[in-house]
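Trainee: Could you take one part of this model and go through it closely? I would like the contacts spelled out residue by residue.

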Amino acid sequence: QERLVSLQSEAIKQIEEATDLKAINEIRIAYLGKKGPITEAMKAMKDLSPEERPKMGAVANEVRAAIQEKLEAKQVVLEQNAINEKLESESIDVTLPGRPVHAGGAHPLRAVIQEIEDLFIGMGYEIAEGPEVEKDYYNFEALNLPKGHPARDMQDSFYISEETLMRTHTSPVQARTMEANVEKGPIKIICPGKVYRRDDDDATHSHQFMQIEGLVIGENISMSDLKGTLQLFAKKMFGEDREIRLRPSFFPFTEPSVEMDISCMKCGGKGCNMCKHTGWIEILGAGMVHPNVLEMAGYNPKEVQGFAFGMGPERIALLKYGIDDIRHFYTNDIRFLKQFQ
Ligand SMILES: Cc1ccc(OCc2nc(C(=O)N[C@H]3CCS(=O)(=O)C3)cs2)cc1
């Protein structure tokens with residue numbers, strides 16, 4: 001009996017020191033299991049005297065009950081600890097600020113091209129595209145730039161073969177569209193796209209840049225149609241209070257030719273660094289389509305006329321967004337691009 005009582009205090013001590021459920025199970029098996037000392041004692045009771053037996057039985061049951069109770073109590077505590085630890089480790093602080101989701105944004109150059117396209121689509125123009133690797137004929141000949149013309153110099157263009165080159169403007173798209181327009185009905189197209197110029201390798205020129213040209217062909221198209229179109233473009237792109245100025249110019253594919261300035265939106269005409277103290281900013285070139293160009297495309301200049309214009313969207317974007325270096329468009333510096341999100 002003394003042994004059972006000492007076993008009880010030994011077991012209880014181990015239970016108190018147990019730190020996890022595995023240990024509790026081991027203690028339960030060791031003391032209360034089939035091979036445990038209490039079971040042994042119960043088996044040994046048959047050898048005891050009749051007056052001894054009931055006393056031993058009572059002690060053995062008390063010890064078993066005491067150990068069982070301690071085990072269950074400790075089990076509950078350990079299970080609760082395990083739950084608390086789990087809650088603690090899995091808890092999230094819902095008051096933390098959310099992680100920002102970085103949305104993209106349109107590239108400023110793409111945004112300007114899109115805006116210009118939408119403006120002319122709203123005036124009934126269609127978007128026309130064509131090959132960047134172009135035939136000599138469409139890039140020069142069909143535009144009144146015959147072989148030998150100085151504008152065709154090799155040092156300005158990327159020739160691929162005798163008759164093939166990287167287009168130096170998007171004008172060949174207009175030439176192709178006129179030629180392909182067999183019913184010779186009216187045309188109103190906008191031709192955006194990449195163009196290539198060998199140009200000297202200085203920093204202000206990029207071998208590849210964008211251009212947007214427009215062409216309108218129809219009966220009774222006049223200079224006033226051109227002026228009205230350019231004025232609307234200037235006001236829509238740079239503000240309703242802009243004035244425009246058309247200066248005489250020369251391009252082989254237009255006659256008469258003009259260059260359009262807009263009144264400076266920064267100083268309103270007084271003069272500043274943006275307009276080089278002239279009060280005016282050059283935006284684009286334009287003119288009435290040259291009769292030779294109409295004829296080469298199969299039109300009769302006595303029946304139809306047309307006007308055309310050309311602009312550099314990088315320059316438009318520089319002016320519109322006050323960007324100081326054209327190379328920002330092509331270097332993909334996120335610090336530059338994120339300003340336009
Ligand atoms: C069949 C056809 C007939 C006429 C055409 O005239 C397109 C034109 N372009 C300009 C012009 O000034 N362009 C420059 C502006 C800046 S830039 O991007 O460097 C090129 C004037 S008239 C085009 C096609």
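Mentor: Start with serine 157, which is in contact with Phe140, Leu165, Thr168 and Arg198, leaving aside its neighbours within four places in sequence. Keep in mind that this is a predicted model. Serine 157 sits in the loop that runs between helix H6 (136-139) and strand E3 (164-166). Its relative accessible area is 1%, and since buried means under 20%, serine 157 is buried.

From there, turn to the largest nonpolar core, which has 42 residues. Those with the most contacts inside this core are Ile116, Phe233, Met260, Ile283, Leu284 and Phe309. Among the elements that each supply at least two of its residues are helix H5 (108-121), helix H8 (223-238), strand E7 (254-263) and strand E8 (280-289). Another core, of 20 residues, lies apart from it and includes Leu4, Ala11, Ala18 and Ala23.

Isoleucine 116 touches Ile212, Phe233, Met237, Met311 and Ile316, not counting residues up to four places away in sequence. The crossing of H5 and H8 is right-handed.

Definitions and conventions. Residues numbered from 1 in each chain as written. Predicted model: local features only at pLDDT ≥ 70, side-chain atom pairs only at ≥ 80, totals over all residues. Heavy atoms only, no water. Core = buried A, V, L, I, M, F, W, Y, C linked by side-chain atoms within 4.5 Å. Buried < 20%, exposed > 50% of the residue type's maximum accessible area, 1.4 Å probe, protein only. Helix = DSSP H or I, 4+ residues; strand = E, 2+ residues; numbered from the N terminus. Contact = heavy atoms within 4.5 Å. Left-handed = near helix turned anticlockwise from the far one by under 90°.
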